[in-house]
Amino acid sequence: MKLHHVGYLTKNLQDTRREFALLGFWVEQEAAFDPLRKLDIAFLRNGAYRVELVEPKGEASPLFPLLKKYKNTPYHLCYETDSLGEEIRRMEQGGYRVIQEPLDAPCIQGGTVAFLIHPDMGIVELLGREGRL
Ligand code: NI
């Protein structure tokens, strides 16, 4: 599968974005609020590389505990697939467990995302898509 982005957890999206700018990243998609997960999300690019900045908005966000533990850090890789359901089944057979069933990703037009976890790997995000970022 093709790598789509690195998910990067941040305490403050704008502050972290400024630091990424010094490393050559430009804003591909401005920050937008994801009401399902209570997060602000922005996408940055540097050549072929894409970083998703994720700022949990308060304790109601399911990612708040992770932020408290890790502060600013990369925390998942996201892979693109044309057949999300099939890929999830294949990965489950390989020992992955689904931690978030496929849901619309409001910040990726036409995209549906699922999260899986594996004891030897950690968190993996899968993006099934019709739309394009
Ligand atoms: Ni992501």
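This is a predicted model: local features need pLDDT of at least 70, side-chain atom pairs count only at pLDDT 80 or more; totals for chains, interfaces and linings use all residues.
Which exposed residues does the face of helix 3 turned away from its buried side carry?

**View 1. The exposed face of helix 3.** Glu-86, Arg-90 and Gln-93 are the exposed residues on this face. It is turned away from the buried side of the helix.

**View 2. The buried side of helix 3.** Helix 3 spans residues 84–93. Leu-84, Glu-87, Ile-88 and Met-91 are buried here. These four sit on the same side of helix 3 because they cover an arc of only 100° around the axis. An α-helix has 3.6 residues a turn, so residues three or four places apart point the same way.

**View 3. Strands packed against helix 3.** The buried residues of the helix pack against four partners: strand 5 (73–81), strand 6 (97–104), strand 7 (111–118) and strand 8 (122–129).

**View 4. Arg-17 in helix 1.** Helix 1 covers residues 13–22, and Arg-17 lies within it. Beyond residues up to four places away in sequence, Arg-17 touches Val-27, Glu-30, Leu-44 and Leu-53. With Glu-30, the contact is polar: side chain to side chain, at 2.9 Å.

**View 5. Arg-17 and Gly-95 together.** In sequence, 78 residues separate Arg-17 from Gly-95. In space, the two are 35 Å apart, C-alpha to C-alpha.

Key. Residues are numbered from 1 along each chain as its sequence is written. Side-chain values use heavy atoms; hydrogens and water are left out. Buried means under 20% relative accessible area, exposed over 50%, partly exposed in between (1.4 Å probe, protein chains only). Helices (H or I, at least four residues) and strands (E, at least two) are DSSP runs, numbered from the N terminus. The arc is that of the directions from the helix axis to the C-beta atoms. Contact means heavy atoms within 4.5 Å. A polar contact is a pair of N or O atoms within 3.5 Å; within protein, one must be able to donate a hydrogen and the other to accept it, and residues adjacent in sequence count only if both atoms are side-chain atoms.
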